[in-house]
Amino acid sequence: MRPRVARALALAALLSGLAACNDYQFSPVGSCVLQPGSARVELPKISSADILFVVDDSPSMDTKQAQLATRFQSFIQQMVNINVGRAARGLEPLDFQIAVTTSSIFSATPVPTYCVDGSSCCATTSCAVTACTRGTNAGCGAGQVCLHDDLFDATFTYIAGEQTKCCAVSSCASAGPCAPGDRCPLLQTTFPSPFPRTCTSGEATAGGPYAAGRFVSAGTNPKVLTFPKSLDWASWTTATPDPGLIGLVRQFQQNAVVGSCGSGEEQHLEGGLQALTLAVGGGQPGVSAGSFPRASAKLVVVFVGDEDDCSSPVSAPLVMIGFTPGADSCVIDKHRTAADQREYPISRYADFLRQLRSSGRVADLAAAFIVSSVRCADGSYVPADACVGPPICPVAPPASCAPPAPVCLGAYAAGERFLALAGLLRGDGIPVVEGSVCDDFGPILAGIADLAKPPSMLELPSVPAARAVTAVRIVDANGVDVKTCQAGTDWCFVDCAASSGACLATGTSQCIAINHATGQCEANPGQTYAADYLGQVPAGGCATASDCARALGGAASRWSCVVEAGMARGTCACAP
């Protein structure tokens, strides 16, 4: 769990032997007093994690949903390992909640007319194919509008390209929201009735509304499944496992099979955003406001889908001219320039999740992606698919991803948008688990369970001046010391940007890793990690005595820049 850090800076002890600096004609505070920093990290007092699964419910997902349900056992086994280990160290077990929604919001298919001004649909005459700016008159003659078409290949199987044309328009009629220059959409927000024989109904109702962010469940199962601390986790591997745990596992396995009759215009990211927006605002049916997600819990969002995200605004929807997996209008759109795309920018979803955390709606964040991708030799994942169509399909792994695992036939429309969001979140220090729909879901789900574990890294407000002036403690809710953790065995400095979490051999950093393997530095929910240290002076440190003089005053000869081994910058001290 990435901690919330509250900055508390105050002036503290003078360094011994530096009092002579006070004779100089500049502020003694700026010359001989180090500024200590402290980071206090408060763990959730009530819960551990709230996990939202956003599951693709389009027609190709039956086998993937079945694997998600079956391999959920791996998630539970990892939670058993975590909680049994915590109990052995005298710590409270972790608890969590799980909810499920789907990728179906709407499907926009074309009608014969074109959108002219965002709210009118018009017939066209006298069209001429030419370069122009869609939805405007730019590049066209008087009285004409630039319109846009996706183009099928000769077999009408997949979208092979696009073109613009200048047309005269007539017989315009008011319509619902549409994207100027595109074909007018026929919006479908409900499941077909009757269901086609080619799909599985799952939790859908023929003619009923798409989930559109609402939580779904099978039959009378709860919309939010709660796995409390009181479960007997140790019994899971015995002949008589806790009936409550068995029941909850069975209910998730049922809830995860959402069906495959949903929209072929999959909007996983928007489905997740709308689900959380409804939940935070008290709009989730049958779920009270504040109960999911909880302000005291870590939010983990898991996206599962075999096609890439295709989220677009209902006010100007992406119109699906074709639905061939991996070679449809969504694939064409995401490869346009950002200004020409109908799909929402990925930053919308990264910003939304950041706002949930910064506003205190959730205690922390993590995310997971089981999508159309392949695993490279170095363990990283890259977008890839196995469709057959235009040059942009399939998206093959780059040469740097060698030797890549083979792409399964069930991976459609490479998960470029998914993994782009994963990159944005990871850049913010948010834990991310990636996987492929081609892989066994078991290890991926076990990795998702690991996201609910206690924090392994504390991020400090500034860089400590030296290892010798840094201490890590655990305190209770009243601020009373519970334990002082030992440097080197219980905790160490790590590179904040490195994914390995390896301890630094020398020097300090803004990030401290807790060694959970020893079990000697574990904070229970409601307790607090506190890191006390002396920070670098000036802020950002120094490289030479001249840096100290410029920042703090006086002559460079009166200063010394003390750089600890392994660090690029040090802290200012008075010259001996």
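Contact here means heavy atoms within 4.5 Å. By that rule, Phe-96 touches Ala-49, Ile-51, Phe-75, Ile-76, Met-79, Leu-225, Thr-226, Phe-227, Trp-233 and Arg-294, leaving aside residues up to four places away in sequence. Residues are numbered from 1 along each chain as its sequence is written, and side-chain values use heavy atoms, with hydrogens and water left out. The model is predicted: local features need pLDDT of at least 70, side-chain atom pairs count only at pLDDT 80 or more, and totals for chains, interfaces and linings use all residues.

Next, the core. A nonpolar core is a set of buried Ala, Val, Leu, Ile, Met, Phe, Trp, Tyr and Cys residues joined through side-chain atoms within 4.5 Å. Buried means under 20% relative accessible area, exposed over 50%, and partly exposed in between (1.4 Å probe, protein chains only). The largest such core has 45 residues, and Phe-96 is among those with the most contacts inside it, as is Ile-448. Helix H3 (72–88) and H9 are among the elements that each supply at least two of its residues. H3 gives the largest share, six residues. A second, separate core of 35 residues includes Val-224 and Leu-353.

Now follow helix H9 (residues 441–450). Helices (H or I, at least four residues) and strands (E, at least two) are DSSP runs, numbered from the N terminus. Eight of the ten residues of H9 are buried, so this helix is largely enclosed by the rest of the structure. Ile-448 is one of the buried residues. Pro-443 also lies in H9. Buried or exposed, which is Pro-443? Pro-443 counts as exposed because its relative accessibility is 55%.
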